[in-house]
Amino acid sequence: MSEILYERLGGTEGITKIASDAVDFHLANPRIATRFQNAKASVEEMKHGAATFFIVGTGGPSVYKGKDMMGTHRGMNISNTEFVEVLSDVLEALDKNNIGQREKEEVLYVLFSMKDEIVSV
Ligand code: HEM
């Protein structure tokens, strides 16, 4: 099996599906839904931003054209609780797409490592 996480998540097609599901879970999650309902970007734009960011972050082609994480989330006053909710939704999206345990752990580790660029920035 490939060592590259991007490939183990199903490449661009698989990751696009996972990112789309994760955004859908955010929109259905009462603890964070309003954040995404009130966003400047449309749902489609957020799904595209999430997918392309995920593709680059897991070792795929450099397709992400958005802002860096601190620039994106600065001034939003995001709490620790909201951060955990986003990670939980991603985990649910990984489960929905039948991603294995090892890959889930790797994704969560990468996301968790970005906490200081997102919470209270
Ligand atoms: C590790 C965790 C997170 C990652 C990797 C992440 C990643 C991203 C990315 C890639 C974008 C799109 C930026 C662009 O296309 O320019 C984005 C936008 C956004 N994120 Fe996050 N995010 C995380 C956590 C959170 C949390 C905890 C919240 C709040 C509950 C949040 C709220 C938002 C909102 C509201 C937008 C849309 C901004 C707008 O267009 O108005 N994010 N995020």
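Which side chain meets D95 in a salt bridge? The partner is K104, at 2.5 Å from N to O. By salt bridge I mean a side-chain nitrogen of Lys or Arg within 4 Å of a carboxyl oxygen of Asp or Glu.

Some notes on the basis of these values. This is a predicted model, in which local features need pLDDT of at least 70 and side-chain atom pairs count only at pLDDT 80 or more, while totals for chains, interfaces and linings use all residues. Residues are numbered from 1 along each chain as its sequence is written, and side-chain values use heavy atoms, with hydrogens and water left out.

In the pair already named, K104 is buried at 13% relative accessible area, whereas D95 is partly exposed at 40%. Here buried means under 20% relative accessible area, exposed over 50%, and partly exposed in between, with a 1.4 Å probe and protein chains only.

I turn next to E106. Its side chain meets that of R8 in a salt bridge of 3.0 Å, N to O. Because R8 lies in helix α1 (residues 5-8) and E106 in helix α7 (residues 101-112), this pair ties together parts 98 residues apart in sequence. Helices are DSSP runs of H or I with at least four residues, numbered from the N terminus. R8 is buried at 11%, and E106 is partly exposed at 24%.

E106 also forms a salt bridge with R102, at 3.0 Å from N to O. Both residues lie in helix α7, four residues apart, about one turn of the helix. Salt bridges with shared partners join E3, R8, R102, E103 and E106 into one network.

Conventions:
Helices (H or I, at least four residues) and strands (E, at least two) are DSSP runs, numbered from the N terminus.
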